[in-house]
Amino acid sequence: MNFRDALNSGKFVVTAEIGPPKGTDIKEMLHDAEMLKGKLDAVNVTDNQSAVMRINSLSICKILLDMGHEPILQVTCRDRNRIGLQSDLLGASVLGIKNVLCMTGDHPDAGDHKGAKAVYDIESVQLLRVVDSLNNGRDMMGNEMKGATDFFQGAVVTPEANPIEPQLMKFEKKVSAGAKFFQTQAIYDIDKFRDFMKHARKFSVKVLAGLVLLKSAGMANYMNKFVPGITVPPGLIEELKAAGKEKALDAGINIAARHIKQLRDEKICDGVHIMAIGAEDKVPLIMERAGLL
Amino acid sequence: MIITKKREHNDLMENIKNCNSLFLLGCSECATLCGTGGEPELRAMKEMLEAEGKRVTGTFVSKTGCQVLGTKVELKQFKDALAETDCILVMSCGAGTQTAVELFQDKPVYPANDSLFLGNMTRIQMFDERCSLCGKCILDKTGGICPVTACPKGLLNGPCGGTNNGKCEVSADIECAWVRIYNRLKRLDQLEDMKRIAEPKDWSAHKKPMSLNAREKKEEVEK
Ligand code: SF4
Ligand code: SF4
């Protein structure tokens with residue numbers, strides 16, 4: 001079953017993230033991808049995440065597709081203008097990529113090429129409209145194309161953004177621009193997330209809760225301090241601390257598994273998106289402990 | 001106004017290494033307010049150059065350095081000093097420098113300043129960029145705060161996921177433009193403006209080089 005059908009069938013879907021490496025040695029990434037095969041509803045391939053230059057998302061999506069994965073192409077607006085974006089989307093379509101995740105993208109300032117010219121010719125909401133237009137056989141200028149795309153398009157949202165109101169307004173704009181599914185920024189407070197879902201459920205879109213695997217109390221503290229829109233509650237940090245250095249990752253896996261189980265059992269959202277960030281090989285274990293495998 | 005800052009000393013000296021004599025041209029408008037091209041700066045530049053063994057044949061702060069004809073008329077009184085000099089050193093913005101380039105076909109003209117942005121002066125010699133001259137203003141839709149300029153990503157449809165307690169993800173020194181816009185629209189009871197999806201910007205309104213003949217337009221109106 002492809003990703004779109006899985007979501008529409010009401011199945012609790014699981015996706016995970018694969019970050020293309022910097023450089024041409026993709027052995028490790030292929031190994032991780034192999035381990036995840038047959039376990040996920042889709043793999044999400046990042047687009048020069050954190051503005052750090054790496055292999056492009058499209059090539060890796062194609063490799064994963066050929067391996068039998070269902071890839072989600074992440075597309076950011078940071079590096080390409082409207083011509084480049086549309087052209088790459090058409091390219092993705094003819095290569096057989098069916099899912100796209102439209103995002104604005106981290107500023108070059110966050111990455112390893114700080115002097116790069118930030119493009120942002122269009123942004124996430126407008127990109128969603130572009131995809132909708134390509135799906136309808138026209139480019140964004142309304143020019144008729146020979147052959148339309150057939151993308152299942154999604155977007156991102158930060159449920160714990162502060163302040164939240166403008167973020168929710170943007171969420172609604174993304175819905176009306178054609179987003180069919182949403183992947184959230186990492187959430188750790190299920191009760192707070194439930195509040196967000198109350199709002200999101202007013203719209204006919206699917207929502208995958210974002211889960212970043214906690215590897216240590218230090219990492220949790222770091223995210224609290226430096227990553228906007230992510231809050232790890234003190235209780236979870238205590239749990240990681242109590243586990244001790246050696247067992248912290250194991251505790252993180254338990255936390256993720258527990259959250260997935262709760263989200264699914266209580267039908268809070270439509271699925272989860274697991275971001276293991278360098279520990280992709282732990283994804284099957286998380287799923288196993290969540291009772292998904 | 002156009003915000004300028006003094007060029008690196010070494011860059012400047014490298015530019016003028018083959019010039020024994022210089023004429024200094026400042027500007028009484030923006031460059032004076034920025035402290036880069038008024039009387040005191042010209043005096044300091046003259047002293048510095050003389051200390052470096054150069055000769056300054058004359059100095060003048062033009063009324064408006066980007067005004068070509070006016071500057072030409074003003075400079076008539078310096079005919080001799082200008083004939084004598086090896087080069088012209090312009091202490092205004094890039095536009096003022098190119099006024100001199102147009103007026104002095106046979107002499108090298110060098111910029112003494114780097115031109116940075118169109119700025120608002122918030123206090124004496126403190127400047128903020130609020131408009132980036134995009135060619136098609138959208139302030140009517142954004143509560144009068146320009147996201148093209150104030151948001152490092154130039155987003156048109158609301159904040160990215162990086163807003164952090166109202167600060168921008170790019171720098172904690174920047175207030176998130178979209179949180180400011182949201183707060184202002186809310187205060188004005190105009191949040192509807194933020195709910196409408198903004199179309200991609202038409203950057204052809206900003207095609208370089210721009211020029212405008214306002215005279216022609218006036219005549220059209222008269223007809
Ligand atoms: S939208 Fe912003 S950059 Fe464009 S003209 Fe208006 S203030 Fe200037
Ligand atoms: S945090 Fe606000 S100002 Fe900064 S890039 Fe995002 S939307 Fe723009």
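Me: Hi! Which loop of chain A holds Ile277(A)?
Reply: Ile277(A) sits in the loop between strand S8 (271-275) and helix H10 (283-289) of chain A. Helices (H or I, at least four residues) and strands (E, at least two) are DSSP runs, numbered from the N terminus.

Me: And what's with its phi?
Reply: Ile277(A) is not a glycine, yet its phi is positive, about 40 degrees.

Me: Before I go on, what kind of model is this?
Reply: This is a predicted model, where local features need pLDDT of at least 70 and side-chain atom pairs count only at pLDDT 80 or more, while totals for chains, interfaces and linings use all residues. Residues are numbered from 1 along each chain as its sequence is written, chains are lettered from A and ligands numbered from 1 in the order in which they are written, and side-chain values use heavy atoms, with hydrogens and water left out.

Me: Good. Which residue is joined to Pro163(A) by a cis peptide bond?
Reply: That would be Asn162(A), and omega is about 0 degrees. Pro163(A) belongs to the loop between strand S5 (152-157) and helix H6 (165-176) of chain A.

Me: What about the bond from Lys208(B) to Pro209(B), cis or trans?
Reply: The bond from Lys208(B) to Pro209(B) is cis, with omega near -10 degrees. Look for Pro209(B) in the loop between helix H9 (192-195) and helix H10 (214-222) of chain B.

Me: Switching to packing: at what angle do H2 and H3 of chain A pack?
Reply: Helix H2 (residues 27-36) and helix H3 (residues 57-67) of chain A pack at about 40 degrees, with their axes 11 Å apart. Axes are lines fitted to C-alpha atoms, for helices over the stretch in contact, and angles run from 0 to 180 degrees between N-to-C directions.

Me: What do we call that angle?
Reply: It makes H2(A) oblique to H3(A). Under 35 degrees counts as roughly parallel, over 145 as roughly antiparallel, 65 to 115 as roughly perpendicular, and the rest as oblique.

Me: Which residues meet there?
Reply: From H2(A), Met29(A), Leu30(A), Ala33(A) and Glu34(A) meet Ile60(A), Ile63(A), Leu64(A) and Met67(A) of H3(A); contact means heavy atoms within 4.5 Å. By class, the contact of H2(A) with H3(A) has seven nonpolar, no polar and one charged residues. Here Ala, Val, Leu, Ile, Met, Phe, Trp, Tyr, Cys and Pro count as nonpolar, Asp, Glu, Lys and Arg as charged, and the others, Gly among them, as polar.

Me: Now chain B: how do H4 and H6 cross?
Reply: The axes of helix H4 (residues 68-75) and helix H6 (residues 94-103) of chain B come within 10 Å and cross at roughly 65 degrees. The contact joins Val68(B), Thr71(B), Lys72(B) and Leu75(B) of H4(B) with Thr99(B), Glu102(B) and Leu103(B) of H6(B). Three nonpolar, two polar and two charged residues make up the contact of H4(B) with H6(B).
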